[in-house]
Amino acid sequence: MTQQFRITLLPGDGIGPEITAVAVDVLKAVGTKLGIQFDFTEAPIGGCAIDATGNPLPDETLATCRQSDAVLLAAIGGYKWDTLPRAQRPETGLLGLRSGLQLFANLRPATILPQLIDASSLKRDIIEGVDIMVVRELTGGIYFGQPRGIFDANGDQRGVNTLAYTGSEIDRIGRVAFEAAKKRQGRLCSVDKANVLEVSQLWRDRITALAADYSDVELSHMYVDNAAMQLLRWPKQFDTIVTGNLFGDILSDAAAMLTGSIGMLPSASLGSSGPGVFEPVHGSAPDIAGQDKANPLAQVLSAAMMLRYGLNQPAAADMIETAVDAVLNQGYRTGDIMADGMQAVGCKAMGDVLLQALA
Ligand code: NAD
């Protein structure tokens, strides 16, 4: 029986269209092999949407996303739109998409591919075999808490932000993290600052209570300052990490950089119902846009995350990840990950060798 999925493509700006074209070809090839049909609809977001409509997230784009099974986003932004007022900036479109689809969970893997080990700034024996998933709460915590602002304070000024989580917000991100850990090595580390913050104590209590529903996952807790140290000292100890918005913002960047190659990193943002958004961690790379220099692998791996976490098609996800592994083993490299003795290819050619690996 053929399975059918509606995918909204948001290529965005800069290198977005080039890397999206590669990901679409890869998805079609995998779909043909496994009997999955993808119906793609393309919609504008970011700078290209500003140019076309004046709005970085046109209503039609959000409506199209809502009607689909998953959204594959590339990247938005560029020099041209950097000086516009905030409401009309490309980033505002991205934030609007996240809140419009109520994407409260951000999943960012940091996997060391053996072929790219020398791209990391850490020693080989420390990072070899690292495979971490950071699950970050995305719509709560200090980035959204009220009150916030800069206020007068008896002749002085006072800057205020509020770190607050409700129990249900913690449970909802906790469940995503336990489920992700189940699909991985079954170990979950919850990161907080429960020795100082009440909100973290609540976080720890709620996550601990949830563990009763996941007897197949081994739960541990770590303070965020220690987690930052442990990520650099011995990252192999981690499998899945769950944490709040602020800590997750920082730790997911640190974990990602263990891999040393921004052109390789995918991510997923999920809500409780409705489509998730799958996108590379990198931006629109305007410095190399339109020159066939972009590395499409982060976008291709985002498509694999879409299959695994958004559409529940693990076999198709495995197939893509195996193909990425194969082309790296064959020595193909785009400029950002090039090393001595390897075969330099552009974005399109990387797509071609991926299709050969899938054939
Ligand atoms: P960037 O990630 O676009 O680029 C940083 C550096 O990495 C550049 O030298 C770029 O050429 C390189 N790079 C990035 N992706 C690459 C790839 N796939 N292959 C090869 N090289 C790659 O970050 P930036 O330069 O800080 O930002 C550029 C624009 O992207 C800005 O307008 C920014 O606002 C936007 N941005 C968007 C997102 C997003 O859409 N989620 C994220 C970050 C930045």
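You are looking at a predicted model, where local features need pLDDT of at least 70, side-chain atom pairs count only at pLDDT 80 or more, and totals for chains, interfaces and linings use all residues. Residues are numbered from 1 along each chain as its sequence is written, and side-chain values use heavy atoms, leaving out hydrogens and water.

**Stop 1**

Select E91. An N or O atom in its side chain is 2.9 Å from an oxygen atom of the ligand. Next, pick H282. Here a side-chain N or O atom is 3.2 Å from a nitrogen atom of the ligand. Then go to A285. A polar backbone atom of A285 is 2.8 Å from a ligand oxygen atom. How much of the ligand does the protein bury? Taken alone, the ligand exposes 800 Å², and the protein buries 68% of that. These areas come from the Shrake-Rupley method with a 1.4 Å probe.

Now colour the shell by class.

**Stop 1: the domain**

Select residues 6-354. An unreviewed UniProt entry lists them as "domain: Isopropylmalate dehydrogenase-like". The span is 40% helix and 23% strand, and its end C-alpha atoms lie 23 Å apart. Helices (H or I, at least four residues) and strands (E, at least two) are DSSP runs, numbered from the N terminus.

**Stop 2: the open sheet**

Show the strands. Ten of them form an open sheet in the order β2-β1-β3-β12-β11-β4-β5-β10-β8-β9, with mixed pairing. Two strands pair if DSSP finds at least two bridges between them. Which strands stand at the edges? They are β2 (36-42) and β9 (218-223); each has a single partner strand, so one side of each is left without a neighbour in the sheet. Zoom in on β8 (residues 187-192). It pairs with β9 in the parallel sense over six bridges. D192 has Y223 in β9 as its bridge partner.

**Stop 3: a hairpin**

Select β6 (residues 145-153) and β7 (residues 156-162). They pair in the antiparallel sense over six bridges. F151 stands opposite R158 in β7. Find P147 in strand β6. A cis peptide bond joins Q146 to P147, with omega about 0°.

Finish at N154, in the loop between β6 and β7. This hairpin has two residues between the strands. N154 is not a glycine, yet has a positive phi of about 50°.

Conventions:
Polar contact = N/O pair within 3.5 Å; in protein donor to acceptor, adjacent residues only side chain to side chain. UniProt positions renumbered as here; feature names shortened; annotations may be inferred.
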